[in-house]
Amino acid sequence: MSSFHKNIEKIKQLVIIAGGKGTRLGLTDIPKPMVKIKNEPILEHQINLAKKYGIEEVFILSGHMSDVIKKYFKDGQDFGIKIHHIIEPYPLGTAGCLKLAEPFLDEKFLLFYGDIVMDFDIKNFVKFNADYKDIIGSIVVHPNDHPYDSDLVEIDEQGLVRKFISKPHPSGRYYQNLVNAAVYLFSKKIFKYIENNKFQDFGKDILPEVVKQEERLAGYKSAEYIKDMGTADRFEKVKTDFESGKVVSLNRQNKRPCIFLDRDGVINFNMDSSPNVEDFKLIPGVVEGVRKINQSGFLAIVATNQPMIAKGFLTFDELSKIHKKMETMLGEERAYLDGIYFCPHHPERGFAGEIEELKVECNCRKPKSGMLLQAQTDFNIDLARSWMVGDSERDIIAGQNAGCKTILITTGKNNYNADYCAENLKEAVDIILNEEGGTI
Ligand SMILES: [Mg+2]
Ligand SMILES: [Zn+2]
């Protein structure tokens with residue numbers, strides 16, 4: 001649960017790395033961040049977003065065709081914000097060029113890449129970062145629908161980044177489906193890792209080194225719209241999403257509905273009393289079901305009781321491996337989960353290897369709705385428009401307790417008063433989308 005916050009310090013500065021050429025977009029007369037969507041350059045959309053959240057000063061770091069950027073934004077007066085231009089003398093990479101701004105920056109600042117179309121709740125990101133002590137910064141991470149050919153990030157249960165995993169990924173490896181969204185909040189400690197006048201890249205050079213040196217870097221999981229538009233195909237996609245209002249609507253400030261999923265018996269076949277990675281197998285239709293959720297506007301979030309941990313039959317580490325396998329198998333088929341919540345507790349004592357501190361009456365073990373409520377806080381979920389899909393009475397009651405509609409996965413009868421029954425997840429998702437009128 002979140003701790004008590006003092007006054008969250010205000011972040012007043014934003015740095016935008018705007019050196020992109022846009023060669024793959026076929027641009028010849030403007031640099032990539034000046035590409036227009038709805039009559040405004042992407043850079044301007046970013047600046048407007050920052051302004052909305054109280055940013056007072058923007059540093060645009062450019063190189064390629066910097067004159068075009070400078071001429072458009074000038075000192076920012078026409079845009080109601082202070083804008084400074086810093087021009088790199090030769091390509092320095094995303095981190096190398098940031099070094100040029102060091103003398104002008106406050107203790108903490110935001111950093112965007114100029115070729116990303118985004119709308120996200122900056123205030124919540126700042127609040128998240130403020131919850132950690134002695135931290136070098138936070139990066140936004142999110143799942144994507146092609147993790148198998150993406151550079152991945154691994155975070156631990158505390159939300160700290162443990163590893164950066166570059167592609168290509170060896171086959172047979174399991175990983176979390178999280179990628180770096182290229183939105184950062186840094187303290188000036190980051191400059192310890194960046195050299196003067198040297199080509200350095202955040203993703204490839206700086207962040208992996210920061211984690212290797214055991215700096216505390218947090219990963220902020222977001223389900224908001226943050227996408228780069230590096231290729232012509234991707235540009236068309238983000239343009240359509242922007243024009244349709246999708247980009248804005250996914251900002252965390254707007255409540256979103258969720259489909260909560262029990263795990264065992266809904267996503268994977270039930271395992272025996274000592275579950276292990278090898279025995280984890282997806283139920284047919286799950287991939288299609290999750291993919292449909294991803295395309296619908298509902299969040300897909302797992303909430304699973306794992307009392308085997310308290311009983312001593314499963315370690316946290318083994319559970320994490322099982323979840324990596326789940327995310328990898330889904331990811332291979334372009335399906336993903338927005339979050340995974342588990343309850344490791346169990347109230348009754350009497351198992352040989354049990355873990356004393358987990359044998360408690362907690363608020364997260366279903367039929368209580370603690371996991372759903374935690375997810376609601378994290379993602380700003382609209383519980384009244386959300387659904388719980390599960391195969392046991394505990395799941396149905398947990399969903400009802402949280403004010404969600406419910407679907408029981410069964411080949412038998414609706415014994416627990418769920419709103420609907422379905423034979424598998426795919427059928428359940430069809431029922432939901434039919435009920436809610438398809439996409440949101
Ligand atoms: Mg179950
Ligand atoms: Zn619990």
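Me: Which domains give at least three residues each to the lining of the largest cavity?

Reply: Domain 1 (13–249) and domain 2 (258–435) both do; the bounds come from an automatic or database domain assignment. This is a predicted model, where local features need pLDDT of at least 70, side-chain atom pairs need 80 or more, and totals for chains, interfaces and linings use all residues, while side-chain values use heavy atoms, without hydrogens and water. Residues count from 1 along each chain as written, with chains lettered from A and ligands numbered from 1 in written order.

Me: How many cavities of 30 Å³ or more turn up in the whole structure?

Reply: A cavity is a set of points, on a 1 Å grid over the protein atoms alone, where a 1.4 Å probe fits but cannot get out, and lining residues have an atom within 4 Å of a point. Here the search finds two. The largest holds about 90 Å³, and Ala 223, Glu 224, Arg 252, Asp 378 and Phe 379 are the closest to its centre among 13 lining residues. β12 (217–221) and α11 (370–379) each supply at least two lining residues there.

Me: What kinds of residue line the largest cavity?

Reply: Five nonpolar, three polar and five charged.

Me: And which residues line the second largest cavity?

Reply: That one has about 50 Å³, lined by Ile 37, Ile 42, His 45, Gln 46, Ile 116, Val 117, Met 118 and Phe 242. α1 (42–52) and β7 (116–119) are the elements giving two or more residues to this lining. The second largest cavity's lining splits into six nonpolar, two polar and no charged.

Key:
1 Å grid on protein atoms, 1.4 Å probe; cavity = no way out; pocket = protein on both sides within 12 Å on 5 of 7 lines; lining within 4 Å. Points joined across faces, edges and corners; volume = space filled by probe spheres on them. Helix = DSSP H or I, 4+ residues; strand = E, 2+ residues; numbered from the N terminus. Nonpolar A, V, L, I, M, F, W, Y, C, P; charged D, E, K, R; others polar.
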